[in-house]
Amino acid sequence: MQVRCATSPAPGPSSLQVLLWRRALDPHVGRWSLPGGRLRPDEDVETSIRRQLAEKVDVTHLTHVEQLAVFSAPDRVPGPRVVATAFLGLVPAGVDPVIPEDTAWHDLDALPRTAFDHEAIALRARDRLRAKLCYTNLGFALAPEEFTISSLRELYSAALGYRVSATNLQRVLARRGLLAPTGGTAPPGRTGGRPAALFSFTGDGMQVTDPFAVFRPPARQRDGSKRQQAGRSRAS
């Protein structure tokens, strides 16, 4: 499945979107489904994914592809049993491929009626993306080559589902060595003001940057541990 963060041209939040196409055949004719197809004998899975996206929906620019999960419920598809291997593919902001008339980008928070278990697959991909944004550099796959911190904040906010502080985002990514100033500036907006600096990511391959991010105890528990350690130090 293909996911992108779409920035809003008007004032308002950006959105996390998934590419779906409308089925023309039974079962579930007329419902929206994830693009997919069969694996050829002479290709690996990622090659098959990229080929089918290029052939069926004209998507050729994927900045990241990874296996999501295997979906094997016996009743997931009517008729003979079908096991599906789902992959997550990310399309950077600003890339707008020409897609067929029966294909469209849909907000993940407002999906139409989907075929089979495709809504569950799409939501699983959303959760995977949100998790990896917290402990890897995967933001590079959603962002254009150059960006302002403000526009990057919009992408992270759309993907994570809550408003992100631009200051905190820049501090965390800079501390991890993921941001580099390009030396350029963005054109001033309608209200003028000081031009915003442009940045880029320092790498274009996924790396784990904070392996213990998901194992940190809540702040209250950490503060309690510090107080206990201080008490032991005074007692000794």
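Helices, meaning DSSP runs of type H or I of at least four residues, and strands, meaning E runs of at least two, are numbered from the N terminus.

**Figure 1. Overall fold of the predicted model.** In this predicted model, the protein chain holds 5 helices and 8 strands, which follow one another from the N terminus in the order β-β-β-α-β-β-β-α-α-α-β-β-α. Of the 236 residues in the protein chain, 39% are buried, and the accessible surface amounts to about 13,800 Å², with carbon and sulfur atoms contributing 52% of that area. When contacts between residues at least 6 apart in sequence are considered, 59% of them join residues at least 24 apart.

**Figure 2. Close-up of helix H1 and its two ends.** Helix H1, which covers residues 45-57 and so has 13 residues, spans 17 Å from its first C-alpha to its last, close to the 18 Å expected at 1.5 Å a residue. At the start of H1, the backbone nitrogen of Glu 46 has a side-chain oxygen of Asp 44 within 3.4 Å, while just after the helix Asp 58 adopts a positive phi of about 60°. The buried residues of H1 are Ser 48, Ile 49, Arg 51, Gln 52, Leu 53 and Val 57.

Figure 3. The whole structure contains 12 salt bridges, and one of them joins Arg 51 to Glu 43, with the closest N and O atoms 2.8 Å apart. Both Arg 51 and Glu 43 are buried, and together with Glu 55 these residues are linked in a network of salt bridges. A further salt bridge joins Arg 50 to Glu 46, where the closest N and O atoms are 3.2 Å apart; because these two residues are 4 residues apart in helix H1, about one helical turn separates them. Arg 50 is partly exposed at 31% relative accessibility, and Glu 46 is partly exposed at 35%.

**Figure 4. The aromatic pair formed by Phe 147 and Phe 201.** A search of the whole structure finds 1 aromatic pair, which is formed by Phe 147 and Phe 201 in a tilted arrangement, with 5.3 Å from centre to centre and 50° between the planes. Phe 147 lies in the loop between helix H2 (118-135) and H3, whereas Phe 201 belongs to strand S8 (residues 197-201), so the pair ties together parts that are 54 residues apart in sequence. Phe 147 has a relative accessibility of 2% and counts as buried, and Phe 201, with a relative accessible area of 12%, is also buried because it falls under 20%.

Figure 5. Ala 159 lies in helix H3 (residues 149-160) and is buried, its relative accessible area being 0%. Leaving aside residues up to four places away in sequence, Ala 159 touches Cys 5, Leu 16, Leu 129, Arg 130, Leu 133 and Leu 142. The C-alpha atoms of Ala 159 and Asp 127 are separated by 9.4 Å, although these residues are 32 residues apart along the chain.

Figure 6. The side chains of Arg 126 and Asp 127 meet in a salt bridge, with an N to O distance of 3.3 Å. Arg 126 is buried at a relative accessible area of 17%, whereas Asp 127 is partly exposed at 40%. Lys 132, which is placed in helix H2, counts as buried at 13% relative accessibility, and it touches Glu 66, Leu 138 and Met 206 when residues up to four places away in sequence are not counted.

Notes. Residues are numbered from 1 along each chain as its sequence is written. This is a predicted model: local features need pLDDT of at least 70, side-chain atom pairs count only at pLDDT 80 or more; totals for chains, interfaces and linings use all residues. Side-chain values use heavy atoms; hydrogens and water are left out. Buried means under 20% relative accessible area, exposed over 50%, partly exposed in between (1.4 Å probe, protein chains only). Contact means heavy atoms within 4.5 Å. Rings of Phe, Tyr and Trp (its six-membered ring) pair if their centres lie within 6.5 Å; planes under 30 degrees apart count as stacked, over 60 as edge-to-face and the rest as tilted. A polar contact is a pair of N or O atoms within 3.5 Å; within protein, one must be able to donate a hydrogen and the other to accept it, and residues adjacent in sequence count only if both atoms are side-chain atoms. Accessible areas come from the Shrake-Rupley method with a 1.4 Å probe; for residues, only the protein chains shown count as cover. A salt bridge is a side-chain nitrogen of Lys or Arg within 4 Å of a carboxyl oxygen of Asp or Glu.
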